[in-house]
Amino acid sequence: MSQVENRFEAVSGAVWRCLGSEIGLVLRRRRNQVLLAGLAALPIVIGLAVKLVSSQVGGGAGLITRITNSGLFLAAVVFVVSMPLFLPLVISVVAGDALASETQLGTTRYAMILPVSRTKWLAMKAVGLLAFVIVGVATVLVVSLVAGFALFGINGMTLLSGDTISPWAGVGRIALMSVYVVASELGLVAVGLFISSLTDVPIVAMAGTAIVPAVCTVLLAVPQLQAIQPGLLTYHWLDLTTFLFAQPDVALIRQGLVVQLAWVAVFGSLAWARVASTDVKA
Amino acid sequence: MSQADDANVTADAVVTTTGLVRRFGKQVAVDGIDLAVPSGSVFGFLGPNGSGKTTTIRLLLGLLGADAGTIQLFSQPMPKAASKVLPRVGAVVEGPAFFPYLSGDANLARLQAIDKTDDPRTARVRRAEALERVGLTAAARKPYHHYSLGMKQRLGIAGALMRPRDLLILDEPTNGLDPQGTREIRNLIRGLHADGATVIVSSHLLSEVEQVCTHVGIMSRGRLIAQKSMDDLRTARVPRLSVQVTSSTATAARKALTKLKLKPEGTDPAHMLVTIGDVPVPKIAKALVDAGADILGLSVEQPGLEDIFVELTGVGFDVAG
Ligand SMILES: Nc1ncnc2c1ncn2[C@@H]1O[C@H](COP(=O)(O)OP(=O)(O)OP(=O)(O)O)[C@@H](O)[C@H]1O
Ligand SMILES: [Mg+2]
């Protein structure tokens, strides 16, 4: 057969087609869209609540007052509120599902015999998850800004350090904050992929992943564990407030990123070892 | 069954295994099999439930690692040469598997998108052709979870047929298909065979594949107990005589047959099966009439694959524990 020979060659653009397909699969999935809708609802709910409370009480304390002064603060508050719980939960669902659901459906074996290399399989899953995290955080960002402006107006932003910056500079700060939020979830994505590779029951992987940040948060409250706390997944999560100061603490941010990279390195390697070595189940 | 018998086919084999072993815990699911699937054959891979057919197929495709032995596909070692070999292979293993919330067509498109050697310029056309070939064109846009069992099975086969293949491995392809669908799959296999492809088709229903196979391999409890061409198998068959008499004369008939040194078999006393051997049929007929048996039917039968299987294994077609 003459066409046999060139059947082994990769066609051009194959990588992009593959990633596009995977990202499409993640973002078009109805369940994931519901999760994104949930994320989008968060700023609206918080914004309306603040609006109601402030009109009744007439000014409050801390961040809430700041929201009423500048809609930009709504995004900051939403990130701070969703960072410890809501966002990790949503990401755990999608990350835990990533490999386990395909194993459960049996689609993994059909990918393997195309063939798709094990490394590529893991990489495309990771990219799909990253896309979901970015879209999720971007959704929160955009909806927060729109809701904030609509409810509280476009005003300059008075930072926690007391300085006031222009609305555009404020948008810049919030955007930086959202990038840090995305980066802060990378470790969790790697953990989710690893746990997802251990089982063919998606719900187990989802729960297992969601427990990890919760456990980290509990450990942060134990004073005896001070020595290991800086390495915990969640240790630097709330440092995103540093972007609300005139001079953000760059060292702190760097530490936060290093912790995430370390978790990605460890759990990414574990996931790879697992995916590359085991029999394809079911 | 001596493997030396098959030395002539090994030379031109598409699939070869030597001493292939796979264990699950203590259980040996595949127990040292030497498979040789000749190029251009339709290879019926037969055996009862749990005999190790699917496990063998998964080993061939690199989905499982072997505990011992070697595997060659197109004379290249598996799983080492997987990236070179597998594009030439289409397979349905242990039932179809697709995303329930995607349509049949979208599912096939997804397979094409993650296959780096699949040409995107012709992807759509090949998809449509594959769906056409399995008779799913009308249901192409339906979500997969609305498919019937047979439609799912057809989509699985379409997935294997989206590209020209030199080898097709179909694990129980007629599972869940209606008689018409089963016939269509048989015709599909004939068509692939005519195009020069080698087809391995596993089944526990012997009669289903008997008609299309050129070769068979028979598994039993993890062992390959026979591997032959259908022609060899046919010549090896011993014809039997089916004797049907009225029940009141059954005992007399049985006596007459035993007197001729024949061994009547069969569960129904009034319907006996005898291996004829050297005794001429007219002589048997006369003996029966002389004994006063009222003959309802007398015919020479060629045993089917199933009878041969029973002969080979001595156990019948039951699940091994
Ligand atoms: N993942 C597994 N873990 C443990 N045992 C397994 C596994 N897969 C298969 N087995 C065992 O190996 C044996 C062979 O199974 P296999 O699926 O290969 O049979 P089969 O010939 O395909 O049967 P069927 O006709 O029912 O499809 C069975 O006894 C089965 O229980
Ligand atoms: Mg099977």
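Ligand 1 is surrounded by B:Phe24, B:Gln27, B:Ala29, B:Gly47, B:Asn49, B:Gly50, B:Ser51, B:Gly52, B:Lys53, B:Thr54, B:Thr55 and B:His204, a residue being near a molecule if its C-beta atom, placed from the backbone, lies within 6 Å of it. The model is predicted: local features need pLDDT of at least 70 and side-chain atom pairs count only at pLDDT 80 or more, whereas totals for chains, interfaces and linings use all residues. Residues are numbered from 1 along each chain as its sequence is written, and chains are lettered from A and ligands numbered from 1 in the order in which they are written.

Two or more residues of this shell come from each of strand E2 (27-33) and helix H2 (53-60) of chain B; helices (H or I, at least four residues) and strands (E, at least two) are DSSP runs, numbered from the N terminus. H2(B) gives the most, with three residues.

The contact between the chains takes 29 residues from chain B and 28 residues from chain A, where two residues are in contact if their C-beta atoms, placed from the backbone, lie within 7 Å. On the side of chain B, helix H3 (82-85) and helix H4 (104-113) give two or more residues.

Within chain A, A:Pro43 is found in helix H2 (residues 30-57). A:Pro43 is buried because 27 other C-beta atoms lie within 10 Å, the cut-off for burial being 20 or more, with 12 or fewer for exposed and partly exposed in between; C-beta atoms are placed from the backbone. Beyond its neighbours within four places in sequence, A:Pro43 is in contact with A:Leu74, A:Val78, A:Val140, A:Val143, A:Ser144 and A:Ala147.
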